[in-house]
Amino acid sequence: MAMERDGERIARLLARAEEKGLDYVLFLDPENIHYLCGGVIDYSAAYLDVGEGRIVAIANVMEAERIPKVTWVDDIIVYYRDRYDGPLESVKAENLYDAVGKVLDGGKIGVPYGFISKKEFDLLSEKLEGLIDFSEDLWRARMIKSRREIALLREAARIVDEGIKWASERLDRGLSEYSLMVESKCYMLRRGADKTLDFLIVASGPNSAYPHWRCSDRVPRPGDAVTLDYVASYNGYFGDETRTFFVGMAETALKRIYEVVLEAQVEAIEKAGPGVKAKEVDEVARRIIERNGYGKYFTHSTGHGIGLNVHEPPRLSSKSEYTLEPGMVVTIEPGIYVEGLGGVRIEDMVLITEDGCEVLTSLSKAIEII
Ligand SMILES: [Mn+2]
């Protein structure tokens, strides 16, 4: 069909499925359907026939005609309740789960349990035997990005770069956190994003002391630290970047915090590379922040994998058991948050390469007073 499949990505998934002895890999959630098919299909399922390497959509009637235009699936099986007169192979079914049960003829079926609800699992189990959890194996495949996925992540990084830059130039114009957020969303959508998160973080002054502040009617004022944490995706692949700016002037205490966070972030990036444990990267950032006396104010992990989901394995935390490998894309984002004073976080997206890493986001990290 029209789109050419990402062979590198599918080969990686197939290898995991073969290793597990599966006959099929079945997805019901939008991100994994996107991963397998190259695009999103609503109210549908998609599976990989491991023996034949074929990708098949079990599609709601409503989606049947759109699928060839937005995916690389090899086959489409339409499921319908009452009637279907189209040219495609079809199956009469009560619902999607019933349809999946009728299409897949037994065998070992890998489903990532981590992506479906208990209710979906129950509905599926009624119709199918031989379900096996495929969550961890799937993440092992998804953690390593193909060349095509990396190109999309680069675009996403470019968009969040542009969004943060755009907003940072407007911090002293009397716009509220909320207005900045709404305008930034529109701007990133105009610059090529296909979506942004429902909320972006625009945290000014005392609000910057909350790592996951959203936004409010507060207008940034002189002396404020303002943290912009922006997330937007390009063709489903997410960009995630954070910078903290100062309005008018930077107080000494906040400047000091900024320098410590910057050192921790730069050193953590320096550490990141193939064969390095994810927790070692966290350790580097944490040690620098602790050594400077801010240990208790760094309350989250150092970073996370990113792709079709904003937060994916490998997590860069003290508990992480993952080792970094070429092709992984992770964020590195230490921060310090002091209630009543404010906070600073600096976040970049980093691609692990054969001999180290490459930073995909490109905004300056020098302290900037707007
Ligand atoms: Mn992040």
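This is a predicted model: local features need pLDDT of at least 70, side-chain atom pairs count only at pLDDT 80 or more; totals for chains, interfaces and linings use all residues.
Trainee: What radius of gyration does the protein have, and what would a compact globule have?

Mentor: A compact globule of 370 residues would have a radius of gyration near 21 Å, and because the protein has 23 Å, the two values agree. Along the principal axes, the C-alpha atoms fill a box of roughly 70 × 40 × 35 Å.

Trainee: Into which domains is the protein divided, and where are their bounds?

Mentor: The assignment gives domain 1 as residues 7–143 and domain 2 as residues 147–359, and the C-alpha centres of domain 1 and domain 2 are 34 Å apart. Nine residues from domain 1 and eleven residues from domain 2 take part in the contact.

Trainee: Which helices supply the side of domain 1 that touches domain 2?

Mentor: On that side, at least two residues come from each of α1, α2 and α6, and by class the side of domain 1 that touches domain 2 has four nonpolar, one polar and four charged residues.

Trainee: Taking helix α6, which of its residues are buried, and what do they pack against?

Mentor: Helix α6 covers residues 135–143, and its buried residues are Asp137, Leu138, Arg142 and Met143. The buried residues of α6 pack against α1 (7–19) and α2 (30–37), as well as against the strands β12 (303–305) and β13 (312–316).

Trainee: How are two packed helices described?

Mentor: In general, one gives the angle between the helix axes together with the distance between those axes. In this structure, helix α4 (residues 96–103) and helix α5 (residues 118–127) pack at an angle of about 35 degrees, with a distance of 8 Å between their axes, and the crossing of α4 and α5 is right-handed.

Trainee: Which residues make the contact between α4 and α5?

Mentor: Helix α4 contributes Tyr97, Asp98, Val100 and Gly101, whereas helix α5 contributes Leu123, Leu124 and Lys127. Sorted by class, the contact of α4 with α5 has four nonpolar, one polar and two charged residues.

Methods: Residues are numbered from 1 along each chain as its sequence is written. The radius of gyration is taken over C-alpha atoms; the globule rule is 2.2 Å times the number of residues to the power 0.38. A residue is buried if 20 or more other C-beta atoms lie within 10 Å of its own, exposed if 12 or fewer, and partly exposed in between; C-beta atoms are placed from the backbone. Helices (H or I, at least four residues) and strands (E, at least two) are DSSP runs, numbered from the N terminus. Two residues are in contact if their C-beta atoms, placed from the backbone, lie within 7 Å. Axes are lines fitted to C-alpha atoms, for helices over the stretch in contact, and angles run from 0 to 180 degrees between N-to-C directions. A crossing is left-handed if the near helix is turned anticlockwise from the far one by less than a right angle, and right-handed if clockwise. Ala, Val, Leu, Ile, Met, Phe, Trp, Tyr, Cys and Pro count as nonpolar, Asp, Glu, Lys and Arg as charged, and the others, Gly among them, as polar. Domain bounds come from an automatic or database domain assignment.
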